[in-house]
Amino acid sequence: MQQYETEHLNMVLGSAAECTVLLKTNGKFPISGPCKIAAYGSGMRYTVMGGTGSGEVNTRFAHTIEQGLENAGFEITTKSWLSEYDLVRKASKKEFYKELKKEARQKHENPIMYMMGKEFTERDHDLALLEKNEDVCIYVLSRNSGEGSDRKAAEGDVLLTKSEVRDITSLNKLYDKFMLVLNVGGVVDLTPVMEVSNILILSQLCSDMGRVLADILTGKQNPSGKLSTTWASYDEYSHEGTFGDFNDNEYREGIFVGYRYFDTFNKKALFPFGYGLSYTKFDIKAGEVSANGSEFTVKALVRNEGLFRGKEVVQVYVSLPEGRLSKAYQELAGFAKTKELNPSESEEVTISFDLKDLSSYDEESASYILEKGDYVIRVGNSSASTGVACIATMDDTVTIRRTKNVLGDPGFRDIEAPCNEKNRGESKAEDNKNYQNETEECKSDEYREYKGKEKNSENELDGTDIKRIRIDINSITCEDVDYASDNDAIDIDPRIKTLSDEELCFMGIGGFNPNAKGLSIIGNAATHVAGAAGETTSQLTYKGIKPLVMADGPAGLRLSLEYYEDEKGAHGVNGTGMIPESMQEIMGPVAMFIAKLFVGGNKAPKNTVFKEHAATRIPIGTAIAQSFNLELAKSFGDIVGDEMERMGVNLWLAPALNIHRSILCGRNFEYYSEDPLVSGLMAAAITRGVQKHKGCGTTIKHYAANNAETNRYCNNSHVSERAMREIYLRGFEICIRKSQPHALMTSYNLLNGIHTAEHRGLIEDILRREFGFEGIVMTDWVMTVMDSKKSIYRNSLSNEVAKAGGDLFMPGGKKDYENVLKALKEGSLKRRQLEINATRVARMCDKLA
Ligand code: BGC
């Protein structure tokens, strides 16, 4: 391993416990050191490091949890069970793929595409547990998913199998020191195992997760992550809208996504948003709250009252007043993580936020508003464990930004909240007792005392710690968006002006060889860096416009590990790293051979000198979000940026910040949260880490309302303008305003009937004019061959994308180029628009390439 690899790996290993969430503890962990351990479960040998698809990373090594624990000095006493399980798994996997292949041939005209993202689901078995011969036991449960398919609310996936429930509950009874370890990228319904005393979400972190787990078991590292998505029994989640329909999905739940739904509609979470325990206990006291117009600063004092070093996350939620618009019970406004506190040590944290970022979108007046009334500011350590720190009153409704409605009609009205007014002044701390176990009570008394105080009576509030503030509404300014400037203000790059029509069209299409036959796909769409997902055109290097190289993420840099170079470019050697196992299964050896040629599995000539791209695997998006640590997120970005610089990649096709709308979305592991603030801040922090490196930028994706994988190329999301702006676009807005990523990727899906990639309202009006995005806009890797005959909507087209202000059609092929040229010649696409798009691309090439 080279020095940078060791440094990067050590950084990930040393901080990964921050991304893990301790859901339950009975105080029996940590243990004093490595010892004999009984270890069961699929995750021991079939450890999932991250999901499948473009989010994969081809690392130099990947240790299972079993290997990692052994390397850390543990003696695993259940090897015979694990070996028995190997046989069970082999047989059930065979069975699984047999059934799946049959299904694929019956259900889809393109069975290979049908297999994409279909991951093995656990099956029942009757392996007996071994006799108890040690004090410590773990059960590692794993789940996998990936792009192309959604998860199922079925046993072996979101639900536990009967065997899993049987074994986990038995082991919990048998061992005092038993921990259920979840090697998962998304939610599993833990209802049948809630009696288990110690539960850890290890998540999917890196290529040596056993090491991290060893550190956690022995207390070298203390988990300090919090849930970025609500964990509940499957039935409790909102089923107001639709999910998984082949053509149309209706987001009827509107803004009530995740905890906004649970809190407002009184649904019970097993573990609420923002929740997570520690080996130690913390006391949080809300301190001073001050306001300057709509900008608030909240201070809180955190004291480590337990016996272990640890970090705590202080969270501030705001309940907005019910007014003309229906509101969620509360919204996360800000958070801060302490440094590692020693026992008895304290730290004062400061959380600043602007109420403007919580404003509601009023479709009637096409503006963002803050309605008059009381804003209840809550401080605590989870969405269900807060106390009221301040009530800020707004005497009149103020308009924050005047815009225009551009997103179309979803065809229904969003659901509304039941009246929550009577609960609004209450502390949520009481609810917390459902989640905390006795030794872990970490609420300050003041919070609990406030339960039940009426918010409207000023007198009653006197004598409590709750501060009252009157917001100075005159100091809150309103912004009018200037849509008019549109395209006319752009100075066309002089080089672009001189291009022929043909050359201009090359600029808008990802690099392809005009003389080559066949498709441009990942692995062969880029010639400069092996395994890169694509690049911009090389046709205009004579004008000084060099190509930009793009490679995937978000769990690290996705490139071919081993490669060689010749006069035609860089070629990856092991093509299998680019094709998910489920697709390899149905392709068979001959098709695989051909596919490998496409994705970079070329046979190298004799005496070839092979080179390596050794990329580091960083935690999956959801795990990074769970850290609630923006500095840490930035350092993960820094690792990626450093490797991009070394390996010659200009744009990282990450971070991905779609909202966890449903726990069934197959790509949730890549995404951060059900909350737009967490998503936006995390993406901004990672962007800062990447973009501090010369020639490197992020590509935030998938813009927008891309929350499911079923028929993903042509699925139509029906979403109201309000829900789009408050939930699905807000994270993008936050990220852009805070970190100005160099690129953005539109999504495959349609929004209210229009492909997002062809949506001028989304791209020009909202992204560029309202959010002030200065980077380039590219499509997701749209391949016309991928559409299904059962789709009622067509795939997006390169000429329509260009017309809407989309700069790059990726990965780009001859047909895409011809479409643009044809539209240009026919006059349905103006040369001026192409020049504008090309100017943006050329400037980014100058900046990064
Ligand atoms: C994914 C994108 C990815 C692209 C390039 C697509 O299938 O949706 O997230 O960046 O491929 O690999």
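## Charges over rings

The charged end of Lys118 sits over the ring of Tyr114, 3.9 Å from the ring centre. Here, a charge counts as over a ring if NZ of Lys or CZ of Arg is within 6 Å of the ring centre and within 35 degrees of the ring normal. Arg401 is placed in this way over the face of Tyr368, at 4.6 Å from the ring centre.

Before going on, note that this is a predicted model, in which local features need pLDDT of at least 70 and side-chain atom pairs count only at pLDDT 80 or more, while totals for chains, interfaces and linings use all residues. Residues are numbered from 1 along each chain as its sequence is written, and side-chain values use heavy atoms, with hydrogens and water left out.

## Rings that meet

How many aromatic pairs does the structure hold? There are 24. Rings of Phe, Tyr and Trp (its six-membered ring) pair if their centres lie within 6.5 Å; planes under 30 degrees apart are stacked, over 60 edge-to-face, and the rest tilted. Phe273 and Phe628 make an edge-to-face pair, 6.4 Å centre to centre with 70 degrees between the planes. This pair links distant parts of the chain, 355 residues apart: Phe273 is in the loop between helix H7 and strand S8, and Phe628 in the loop between helix H13 and helix H14. Helices (H or I, at least four residues) and strands (E, at least two) are DSSP runs, numbered from the N terminus. Phe273 is buried at 0% relative accessibility, and Phe628 is buried at 1%. Buried means under 20% relative accessible area, exposed over 50%, and partly exposed in between (1.4 Å probe, protein chains only).

Elsewhere, ring pairs join Tyr237, Phe256, Tyr261, Phe262 and Phe265 into a cluster.

## Helix H5

Helix H5 covers residues 162-174, and its 13 residues should span 18 Å at 1.5 Å a residue, which agrees with its end C-alpha atoms being 18 Å apart. The expected span is 1.5 Å times one less than the number of residues. Among the buried residues of H5 are Val165, Ile168 and Leu171.
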